[in-house]
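Have a look at the fold before reading on.

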Amino acid sequence: MSQVQRQNIQGNQACALGAIAAGCRFYAGYPITPSSEVAEVMARELPKVDGMFIQMEDEIASMGAVIGASFGGAKAMTATSGPGFSLKQENLGYAAMTETPCVVINVMRGGPSTGMPTRPGQGDVMQARWGTHGDHPIIVLAPASVSEVYSETIRAFNLSERFRVPVIVLFDETIGHLLETVELLAPAPESLDERKWANGDDNAYLPYGETEDLVPAMARPGDGFRAHTTGLTHDERGFPTQDPAIASRAVARLLEKIELHSDQIASYQTLHCDDADIVIVAFGIVARAAQRAVKTLRAEGIRAGLFRPRTLWPFPEQALLEAANGAKSLLVVEMNAGQLALEIERLCAGRGAVHRLNRIDGEVIAPAEIADAVRQAAP
Amino acid sequence: MDRELEIRLSGSGGQGLILAAGILAEALTTEGRNVAQSQSYEPTSRGGLSRSDLVVSDGEADYPLVSEIDCLVILDQVAVAASRDMIRPEAIVVTDAKTVTEPPAGSFRLAELPLSETAITLGNRRIANIVALSALTAMGGLCDRDVLKQTVLRRSPKTYVDLNMDALHAGWELAERCV
């Protein structure tokens, strides 16, 4: 079952439609520019599919409501921007620890603090990965177009349900408010991942037990399975423990379940990397500018390529190393003071120079600026 | 098409430029083109720089934001500086003769038209956006006149239908007179 409809819609609207297409039936949020259109569309569309929309008193409560809805069995989501994303962090950690599927949309604006509400930024790369305390698993996706916001939001729900992990969809104000002509393909029902629910013998059920794929089955309320849920470090039954061996294994499994499946989670796109002397690394709207810059540079005979991660965390490490294999240098372009660059420098240490191009003034980095930076950096 | 077509409607907040760009986007989509529309405005309901940009392509635009403008409307002096260095030499630039006292200078085609004055003569200064949209569309050959008309009709509230039809007609005439 797939139906195509050609339409002009905004990134934020595509996000809400993607969520509903993925099966999201619960939204709790607190409006904030530049993400509010996600809530607006969810408020209008969710009741039509027997879903529930609730505007909570703040972002902390919104995140709590999303986790509660997910406990109850619903695919659940919230959307916010920088200041609200900060407030959600404590509960995000709780979702990671209790392995509660949920999707958080973060439409990035200029920061820090309340910053520039109507201007784009990419300053939450590290907050998305490390915003909550402790060694926790998380997946972060970074779409670069309106149609990709739709498809990546669907993918976010699939990954979240399958691996029982919070998934962040990170894009910027420009993509959120950008209107593009798109043909949105409704996903086939069999392509949607559903949560693994407990079944069989209740006496043998372990809510946080070891399984082959490291993802335990969840107890659906009402099905009669005994389960205990806590943010405290817990054993396989879900009860608190400070036994070093059990604690060590409990946290390690959370991290390993992502590592084990990183090939299925990591997603990226390359352009002209095969023979590139310099590989540009960029995501979101900046990657679109870089795409144009690569075309300009190639026309001048400069062998530039583009590596665009669609998944920021876990970063597609192997793919980057392969894309940059023959290159003499890299250029990391981002609308922050240099966050993803830290990861690229770590990955490519000893393999060639890693240059940076950054803007922190609420303006998108233009194709011409990227082309200039490449000309300067090219050996 | 070798490159994408870049269009900007700019002025000050409250002039209806984002709406006008949205109408043009819809008309172009009706004609089978793909558009990317972006916008920038300040956190005030009136005043301040406001603009909406269209990048028109046949597939997905590789870069959806404007960097070299082909067709430009300026309805307020406050919007001149933001576009001055992005106008292509062969561009078409339509400014409001009354409010834009220092239009950008260059080798491009500049038409200083009585956009706001025409709107006031027709009975409502708020339809200057449609006068401007119509004039630019005619001068740039951006889309079929009837497609634009049908789109404006579809997007007009009842009280503005007649006014907007007058504005469309007047804008098109202004453009034809200066060709």
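For a chain of 379 residues, a compact globule would have a radius of gyration near 21 Å, and chain A comes out at 21 Å, so the two agree. Keep in mind that this is a predicted model. Laid along the principal axes, the C-alpha atoms of chain A fill a box of roughly 70 × 50 × 45 Å.

How is chain A split into domains? The domain assignment gives these pieces:

| Domain of chain A | Residues |
|---|---|
| domain 1 | 4–191 |
| domain 2 | 202–263 |
| domain 3 | 270–377 |

Between the C-alpha centres of domain 2 and domain 3 of chain A there's a gap of 39 Å.

Now for the helix pair. Helix α3 (residues 59–71) and helix α4 (residues 82–98), both in chain A, pack with their axes 7 Å apart and at an angle of about 25°. Since angles under 35 degrees count as roughly parallel, α3(A) is roughly parallel to α4(A). Their crossing is right-handed.

Which residues of the two helices make the contact? On the α3(A) side you'll find E59(A), I60(A), S62(A), M63(A), G64(A), I67(A) and F71(A). From α4(A) come G84(A), L87(A), K88(A), N91(A), L92(A), Y94(A), A95(A) and T98(A).

Definitions and conventions. Residues numbered from 1 in each chain as written. Chains lettered and ligands numbered in written order. Predicted model: local features only at pLDDT ≥ 70, side-chain atom pairs only at ≥ 80, totals over all residues. Heavy atoms only, no water. Axes fitted to C-alpha atoms, helices over the stretch in contact; angles between N-to-C directions. Helix = DSSP H or I, 4+ residues; strand = E, 2+ residues; numbered from the N terminus. Parallel < 35°, antiparallel > 145°, perpendicular 65-115°, else oblique. Left-handed = near helix turned anticlockwise from the far one by under 90°. Contact = heavy atoms within 4.5 Å. Domains from an automatic or database assignment. Rg over C-alpha atoms; globule rule 2.2 N^0.38 Å.
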